[in-house]
Amino acid sequence: MKKKYYILLAFLCVVILFQSNGVFAQQARLITIESVIVDENGNPIENAEIFSGGAFTKTDADGKFTLLIEPGSKLIVEAKGYEDASVTIDEARNKTNISLKSAQFLYGSDEMVDMAFRKVHEGNVVGAYSNVNGDKVNAYDNTIWAGDVLTGRTLGMLGSNSIRGIGIGINVADATGSGLFSGNALFIVDGLPRDIESLRLSEIEDITVLKDVNSAILYGSAAVNGVILITTKRGKAYKKQSDFSANYGISTPRALPKFLNSADYMTYYNLARTNDGQAETFSEEQIENYRSGNEYRYPDVDYYSDEYLKSFKSYFDLNGQFSGGNDVARYYSNVGWYSAGGLLDFGEGANARNNVFNVRGNVDLQVNDWIKTSVDGVSLFGNNRSQRGNYWSSASSIRPHLYTPLLPIDLIDPENSLLNARKNDVNGEYLIGGNSNYITTPFGDGYAGGVYERIFRKFSFNNRVDFDLKAITQGLSFHTNISFDYFTAYNQTVYNQYSVYEPTWAEDEDIIVNLRQHGTDNRPGTQAVGNAMFRRRFGFYGLFSYDRIFNNVHHVSGSLLGYGSNFKETNDFQGVKQAHIGLQVNYVYDKKYMVDFSSNYANSVKLPEGNRGGFSPSLGLAWMMSKEDFMASADNIDYLKLRLSGGILNSDLPIGGFFYYDNRYGGSGSYNWYEATRSRGGVTSNWSDNPNLGFAKRNELTFGFEGLFFDKFLGVEANVFYEKYSDLVTRPNTIYPSFYTPYIPYENFEADEYKGIEAGIDLNKSFGDLNLVIGVNMLYVTSERLIVDEVYSNDYQYRQGHPRDATFGLEAVGLFEDQADIDNSPIQAFGAVQPGDIKYKDQNGDGIVDGNDEVYLRRWQAPLSGGVDIKLSYKNLTLYVLGEGRSGSETFMEGNYYWVDGNDKYSEVVLGSWTPETKNTATFPRLSAEADNNNFRRSSYWLYNNDYFSIRKIQLTYKVPQVIASTLFMKNLDVFVDASDVYQFAKNREIRDLRVGGEPYYRTFSLGLKANF
């Protein structure tokens, strides 16, 4: 731990020395500028910010400032509510003061919003969107990764990648898509599609979520589930800036699985055998020995104890940002190092480390008066080192009594030949234990098995060229963008062979009198490389853009776009190809009435020739109601806009493969006819052709409003939306006779719909030095399956009319009380039942409980979700709290932790198992030492309420006074403490906090600082 502190301290010292040396070196040649910043009426402007290269200051209450700047540089002046100004040294010297113009904001806001292929004034936006500014969030929330920033704080988002909780996607098991578009939004980074793993929040200027068809349609077929636009930071002319952050944190498990110890396991296993009518396996003497005897002779291995796990794992994060430039060239760079340890506390597991290094460089060049270009490059290097094997999987499945992990050498007969010939031990004190069934163990893997490393690399490149064509006509421009991304990963493993030793103990004392060796000891030291994979993405577009205002009344803008992208990954021979042209026309009249027509014409290689093109139109309307004369007397309404949008977006993403439109023949088989009394062998058909196969469609209508009230104290936004996903592709077996099954083609057949509302409220109020900002957002969405390819014997089995995320299963009506209860109940077709087994309802009354009795049980996706964020500031202190919750879904208790039978490891849930004595209080069915097909299947017995509200983030930030920061050559210095995933309020919190078979869920605490130079 001390080593990590030294790293942080050294990092800060280097930063301070670097900055201070630069300051001292420049002192001799700096020029002093003194002036006053005023508005158009000559009134002084307080807290205006003045930049020049790396120099920075603010105006006082009288608008005065003094700044040392380099010869030949410019002053950049920024003040909220005013237009930015650029002033030369001569102008600053010759003027008594510097005057700023009041910003003439169209709608009372100075924000520009990133929309599809353009920036738009906030009030001009017609479609439904949400926006997150990276720097504003990072000022009070030390979230490191971009993928974690949207959950809970963004209106309309369900989690981090689902917009409104709706969407369609391809089969995740299909090699052509690999889950890339499985209902998730399309991420666009700096204009083109990209993955966002290991993208830092500190790199991001802005995030915009495009929620409706009208705002997303220019991205074509891939935008069917909405789009998340991410714009990274860029340098600003004459505004040199360096930002550094460092933080150290620890993560503690929120919960760990609880399994029975050896003695209790044996007791309950005997009970399971008795329930099955079989003899007990373990004697009372054995059980007592395992309860209180020698721990090496009678092992009781608790894989989750502090003997093998640390109480916490640690991490540190270092990040530096550098930006600046002039009128000709500007730059931004981001360099980061994230390093996290592991929870295991033995062998190579104790040295586990996940290191991620990132480097970004964004450069903008003004080639001449009408051409500028941008070049972006990103490199990512990762190395995740750990022990071999999967400790967490073994910990959840290996029973506690099966072997002794480590055998003390001092308990072994010193004359034993194997002991003296050993080539491997642990610290000279232990041999690695095992037996013929466990010749490799989690502990052997950790101490002697070698090292496993997952190494990954990512390289990204962007090049944009912008042409200002105002020489042809005012407002015309042309833009190009090309991107290339390559991600590769592979395993690098040192495979060591090791022996395990099975002891033979003396009958009358706890001494090992003999050893049996399993395996051999061999440490070749060579590295094996395998499990390599790659992802490659290429994208480009060319765009003509027009934006012009006539007579200060008619604002006309538009775009004509050509766009293409290609994604390939390992074992994917076809790739995911996207190509389309787009057209967007926007008109604003007198800053009040807005209309936007956006469309695309997409091409799909998944569809038959002659049917590969699809036109997708959308229309958006907006009315700036607060600009009307009749609203002039409404003093409490600062801003009010109504909007309506609708559109149809064609997509080929739900088409899971290629050539679905063509005849496909498979292996050998036989054809049957004449009521299956005749057959002929030969090559069989998989499906027949369909020359009319077409796109799936997203049909959408959204109505909403947004407003600011009571001098911007209250902000409200709400949208009501209807989405219909139609022409979904499937092979509709139900409309063809059964003998035609091999010839059934793929068709546009199924349909689903979603309805919902999203609403957000923001409150902003100051009381002297105290400022309070509260944001609340809510999403409610429900779905219904409209057309489904299905045929069932009973009405209650049909999925049509139920939610898209519905799960069907058996309705449990309790546990069988006795044999008489079984005899008087319908037959259950899943195997012989006994008292204590789960009893199911016979829905159709045919006397047999089977698959025909499955009914609608639950929704797995919560229909109601939302978040709340609170920022409370007092002078230099800021407290930030983020909460997120969901309601209305249920989840099954399943997996071997809950579904315990046969030789499974017993968790604490079996303590409530049924016996004749506990039949009125049992919380778990009858235990069985055999495979149980009756009890362990999806039914209402295993459902639990999954509602929760989670405190995702708490952070306290202290802004060090300027006078102290300046002595350290800093413009600003912030110190913060934070906690993530602090606590969740849930009826079933213990279940939700638990993760079995994998590394546990964590809550994290950290301490850090941010410095600005």
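**Exercise 1.** How many cavities of 30 Å³ or more does a search of the whole structure find?

*Solution.* The search turns up eight. A cavity here is a set of points on a 1 Å grid over the protein atoms alone where a 1.4 Å probe fits but cannot get out. This is a predicted model, where local features need pLDDT of at least 70, side-chain atom pairs count only at pLDDT 80 or more, and totals for chains, interfaces and linings use all residues. Residues are numbered from 1 along each chain as its sequence is written, and side-chain values use heavy atoms, with hydrogens and water left out.

**Exercise 2.** Describe the largest cavity.

*Solution.* Start with volume, the space filled by probe spheres set on the grid points: about 170 Å³. Next, the lining (residues with an atom within 4 Å of a point) has 19 residues, with L199, R360, V378, K458 and S460 nearest the centre. Then sort them: six are nonpolar, five polar and eight charged. Nonpolar covers Ala, Val, Leu, Ile, Met, Phe, Trp, Tyr, Cys and Pro; charged covers Asp, Glu, Lys and Arg; the others, Gly among them, are polar.

**Exercise 3.** Work out how helices α5 and α6 pack.

*Solution.* Helices are DSSP runs (H or I, at least four residues), numbered from the N terminus. α5 (residues 262-275) and α6 (residues 284-292) meet at about 155 degrees, axes 7 Å apart. So α5 is roughly antiparallel to α6, a label for angles over 145. Now look at the contact (heavy atoms within 4.5 Å): α5 residues including M266 and N270 meet α6 residues including I287 and Y290.

Conventions:
Axes are lines fitted to C-alpha atoms, for helices over the stretch in contact, and angles run from 0 to 180 degrees between N-to-C directions. Helices (H or I, at least four residues) and strands (E, at least two) are DSSP runs, numbered from the N terminus. Angles under 35 degrees count as roughly parallel, over 145 as roughly antiparallel, 65 to 115 as roughly perpendicular and the rest as oblique. On a 1 Å grid over the protein atoms alone, a cavity is a set of points where a 1.4 Å probe fits but cannot get out, and a pocket is an open set with protein on both sides within 12 Å along at least five of seven lines; lining residues have an atom within 4 Å of a point.
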